[in-house]
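Biologist: Please take a close look at the place where the two chains touch. Go through it piece by piece.

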Amino acid sequence: MEVMALTRLIHHVQRVALGARTTFADGELVVSTDEAEGIMAHPALASVRLTWVSPGESARIVKVLDAVEPRTKGPGGAGIFPGFVGPARTQGEGETHVLRGAAVVAAGFLPRAQEALVDLSGPAAALSPLGATHNLVVEFTPAPDAGWEHVDAALRAGSLRLAARLAEAALDAEPDEIEELPSPSPIRGDRPRIGAVTNLQTQGLFKDVFVYGRSFGSSLPTLLDPGELDDGAVVSGQFGHPALKNPTYMHQNHPVVNELRRRHGHDLDFAGLVICPEPVNQAAKELVSAFAAKVCAAAGFDAALVTKEGGGNADADMALKMDALADLGIEAVGLYAEMAGIDGTGPSIVVAPEKATAMVSTGNYDHRLQLPTMDRALGGDEFALVHAPATSAFEVPTAVVYCALSPLGWGRVTARAG
Amino acid sequence: MANIVHYINQFFAGVGGEDSAGSGPTLVMGPVGPGRRLAELLGPEHEIVATVWCGDDVASGIVPAIIDLIRSVDVDGGVGSDVDGGVGGGVDLVAAGPAFTSGRYGLACARVAAAAHDAGWLAVASMHEDNPGLDEAGATPVVASGEVARRMAPSLDRLAGAVTKLLRHEPLTAADGRIGKLARLTVMADARAAERAVDLALVRLAGDHTATEIPLPRFDQVTPAAPVEDLTTAMVALVTEGGLVPDDNPGALESARATRWLRYPIGNLDALMAGEWRSIHGGFSTAYANDDPHRILPLDVGRQLVADGAVGSLFAEYFVTTGNGTSVANARRFGIEWAADLRHSGARAAILTAT
């Protein structure tokens with residue numbers, strides 16, 4: 001059974017500029033600074049500064065927070081980013097316009113946010129999805145006396161509104177590509193039924209993920225239609241572990257989900273997507289894991305691709321969940337970043353599953369990179385991790401490069417015994 | 001003909017057991033103990049020209065002296081002449097062990113082999129996969145031995161095979177019994193992780209129950225020691241990974257990724273006063289620890305237990321390191337060194353407080 005739930009109308013962004021009016025034509029996205037500043041305006045923000053940086057430039061973004069792909073379902077958003085831009089009503093069907101090749105990227109200091117960087121050229125550029133996109137960087141100055149939690153909320157709401165508005169400029173343009181996306185099949189056929197289990201790191205303020213506008217922290221695992229991801233039902237407010245985080249942009253373009261869609265009806269049937277919180281305490285981790293396995297069993301999963309968000313603590317969620325799936329006879333494959341030390345000889349995984357032993361490596365967290373000087377930097381003057389000017393050359397662990405070890409499976413970096 | 005120096009401990013050299021574990025390194029010409037069987041297995045092509053043995057308690061800390069002894073071996077002119085000026089006077093290979101699961105011996109074998117490798121000789125160590133010394137060998141090959149000395153014969157068979165192969169300048173592989181972790185090297189895969197994950201799921205569903213990109217990490221299973229028979233007469237030591245040091249941190253203990261441990265006297269103290277002690281641990285908020293250092297090192301309760309007659313006495317020093325991102329190899333070494341030190345100090349038990 002082939003259910004087509006969502007159609008992506010893809011507009012390729014090839015050139016970008018700031019200008020008097022927000023327009024999209026012939027692959028060029030022009031953003032009105034005045035309009036964008038108005039969209040970002042919030043009592044918690046004294047001011048914002050908008051700057052484009054593009055692939056190949058000698059430019060670096062530091063203190064990278066969330067990134068959002070411009071999308072809309074119609075004028076005013078028409079339901080996109082439900083719970084933030086649109087009302088909290090289920091989405092995931094119909095048509096969604098996508099400005100592929102562009103991202104709205106908030107950058108600057110927030111408490112608990114770990115220093116993160118994107119290079120637009122040099123060896124780190126290929127390691128981050130934002131190394132290949134035109135990025136509209138939103139820098140900000142908090143209002144005097146504004147609470148940091150209000151600054152965070154203002155940036156999130158503003159970035160999502162801005163992303164929806166940019167996509168609106170393409171509503172009348174002919175799409176470059178049309179992608180018709182299948183929904184998971186509820187009916188068992190001849191092919192193996194494989195689904196995705198996606199953990200969302202929900203550990204409080206500045207380390208939280210929102211589903212339909214609400215923190216997912218106290219929720220139990222649930223099935224989500226993958227089209228809901230496309231329409232922005234999952235929004236990131238999680239600023240820890242830069243290489244191991246899943247910004248909104250990555251949820252919108254969930255690589256495991258996209259791969260399951262691509263192969264649905266060929267060598268597998270896409271069985272569904274289950275999202276799970278990553279709570280802090282052990283008892284809650286155990287409950288969530290057992291519950292996730294139960295939901296997967298009810299949806300008829302033969303195998304589950306389990307993904308995480310965060311560092312060593314999140315390995316515990318992975319191990320518990322993979323073993324809980326194994327207990328119910330569901331084959332689990334975990335996507336893990338390794339934390340094997342600078343020379344790669346340390347133990348790779350903090351908490352390993354005991355029964356479900358299939359793991360894919362998204363690279364070594366501790367592997368060192370030499371980054372070159374850049375002509376300009378956005379997001380801050382200093383790269384806090386090494387207390388050096390943000391434009392200078394320095395050595396960093398892969399762990400600080402935004403999405404470089406993407407737990408959602410975006411990258412090609414891996415680690416092998418040698 | 002290749003010239004081999006064999007490293008063993010005091011026990012296998014026939015010198016003695018724990019009573020001789022403090023003996024320094026000694027050079028003997030020709031094979032000794034298990035080296036005799038090893039020499040037979042190697043046949044006439046290769047010769048064990050000398051044996052170096054050392055006591056288990058001191059060996060891992062004086063590896064440079066052991067290397068100097070190996071270097072003093074001269075295959076033509078006897079000990080110490082080093083007339084031809086070549087590396088080790090013609091020594092081609094250093095073999096260490098088998099150490100089985102003996103921790104101190106394994107640590108020494110791993111370090112001697114690694115140092116010999118660094119000095120330019122071929123080197124190989126032999127020990128069981130569970131030996132805590134294994135990780136200390138670095139890039140130097142280690143081949144598996146049995147678990148206990150009863151497995152000496154097959155262990156020497158494997159070591160002899162490894163020596164022969166190394167002398168042919170061929171790399172050792174798992175088929176040769178090579179054990180230990182190979183470094184995880186960062187590379188770019190042909191396909192994205194998402195695609196590889198789907199492929200792996202299909203392979204698993206097709207019946208391959210072992211396929212994976214990441215081998216399961218090997219975590220130690222520690223067998224608890226037998227209970228202390230009579231605590232009322234026992235000396236008990238306090239040991240902590242909580243980073244508690246004198247307030248000015250005179251030994252410069254690291255707040256994370258510790259490479260060493262320190263010892264401080266507490267024999268004249270009944271309590272640890274706030275302001276005089278400080279936790280420098282970087283992995284948690286130390287405010288409560290600094291308010292009352294006994295939260296890290298329970299000296300107050302220890303003294304009370306002694307006063308009540310429940311515990312014989314407290315060891316006059318405590319050992320401290322920082323357990324925060326500390327490498328497993330270093331943590332293992334600390335444990336081996338602590339155990340050896342406490343055993344010789346007469347402590348019968350230790351309370352290890354963790355944070």
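**The contact between chains A and B**

Modeller: In this predicted model, 46 residues from chain A and 30 residues from chain B make the contact. Two residues are in contact if their C-beta atoms, placed from the backbone, lie within 7 Å. On the side of chain A that touches chain B, helix H5 (255-263) and strands S20 (303-307), S21 (331-338), S22 (358-364) and S28 (413-417) of chain A each supply at least two residues. S22(A) has the largest share of that side, with 7 residues. Helices (H or I, at least four residues) and strands (E, at least two) are DSSP runs, numbered from the N terminus. By class, the side of chain A that touches chain B holds 22 nonpolar, 15 polar and 9 charged residues. Here Ala, Val, Leu, Ile, Met, Phe, Trp, Tyr, Cys and Pro count as nonpolar, Asp, Glu, Lys and Arg as charged, and the others, Gly among them, as polar.

Now the strands. S28(A) pairs with strand S10 (residues 184-188) of chain B. The pairing is antiparallel, over 5 bridges. Two strands pair if DSSP finds at least two bridges between them. A:Val413 stands opposite B:Met188 in S10(B).

Some notes on reading this. Residues are numbered from 1 along each chain as its sequence is written, while chains are lettered from A and ligands numbered from 1 in the order in which they are written. Local features need pLDDT of at least 70, side-chain atom pairs count only at pLDDT 80 or more, and totals for chains, interfaces and linings use all residues.
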